[in-house]
Amino acid sequence: PYKRVLGYEKMLDETGREMHASWGNTIKAEDAFEQMGADVMRWQYCAQPSDRNLLFGFGPAQEIKGRLLTLWNSAKFLADYGAIEKFRPTYADLGNGGPAAELQPLDRWLVERTAQLVEEAQGGYERWLTVDVTRAFDAYVDELSNWYIRRSRRRFWEGDQTALRTLWFGLVQG
C-alpha cells in the first residue's frame, strides 16, 4: 500500500530525555490528542528531521498551535473583509499565476513569494524532507501575515478587490 515510510528511532520528551512513566514525562496518546489535536501532532512529527530522534511534548505543541493560528487568523481576515465587500473569488485567478488585475508592488511580491513557497514545498516533498516543507510554510505564513496583511490593511478597509484577490490567491496556493 505504500513505497516508503519515514520514521524515527526513538520518541523522546521535548528536552531530549527518554520517556518513562516512572519519570513522569510519558504522554499518553489520548492526552496528546485531547490537548494538542491531531493536526498539531502531525505538524510536530513532520517538522523534525526523520534522521534524528523525535522530540515530542506540550511545549512545542503550543508553539505550533500559535503558528497554525496565524494561518487561521489570516484566512478569517479574508473571510471577514471578503464578506463585507461581497467578494467572490474566481478560479481563473489561480490559473493565471495570480489575480488578473493591475497589481501593486506588495501584491506582486505576494504572488512571487507564493510561487517560491510552492517550489520549496514541492522540492521538500520530492526529497521526502517534510521538515523542509514545514519550515518553508511557517516562514511563508509569517510573511503573509506580517508583511502582506499588515501593510495592506488600509486597502482591505477600503474594499480593494485586488488586495482581496491577491490574499485569496496567497492562501489558496500556499
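Predicted model: local features only at pLDDT ≥ 70, side-chain atom pairs only at ≥ 80, totals over all residues.

Core. I looked up the largest nonpolar core, which has 32 residues. Met36, Phe56, Leu78, Tyr148, Phe156 and Leu167 touch the most other members. I then checked which elements give it two or more residues, and got α2, α3, α5, α6 and α8. The largest share, 7 residues, comes from α6.

Tyr148. I listed its contacts, leaving out residues up to four places away in sequence. Among them are Leu106, Trp109, Leu110, Phe156 and Leu167, but also Asp107, Glu143 and Arg155.

Helix α8. I counted 10 buried residues out of 13, so I call α8 mostly covered, with buried meaning under 20% relative accessible area. Those buried residues pack against α3, α4, α5, α6 and α7. At the start of α8, I found a side-chain oxygen of Asp160 within 2.8 Å of the backbone nitrogen of Thr162.

Rings. My search of the whole structure gave 7 aromatic pairs. Phe77 and Tyr81 make a tilted one, 4.6 Å centre to centre with 40 degrees between the planes. Both are in α3, 4 residues apart, so about one helical turn separates them. Phe77 is buried at 14% relative accessible area, while Tyr81 is partly exposed at 22%. I also found Phe77 and Tyr81 in one aromatic cluster with Tyr148 and Phe156.

Charges over rings. I noted the charged end of Arg17 over the ring of Trp23, 3.9 Å from its centre. Arg151 lies over the face of Trp147, at 4.0 Å from the ring centre.

Definitions and conventions. Residues numbered from 1 in each chain as written. Heavy atoms only, no water. Core = buried A, V, L, I, M, F, W, Y, C linked by side-chain atoms within 4.5 Å. Buried < 20%, exposed > 50% of the residue type's maximum accessible area, 1.4 Å probe, protein only. Contact = heavy atoms within 4.5 Å. Polar contact = N/O pair within 3.5 Å; in protein donor to acceptor, adjacent residues only side chain to side chain. Phe/Tyr/Trp six-rings, centres within 6.5 Å; stacked < 30°, edge-to-face > 60°. Lys NZ or Arg CZ within 6 Å of the ring centre and 35° of its normal.
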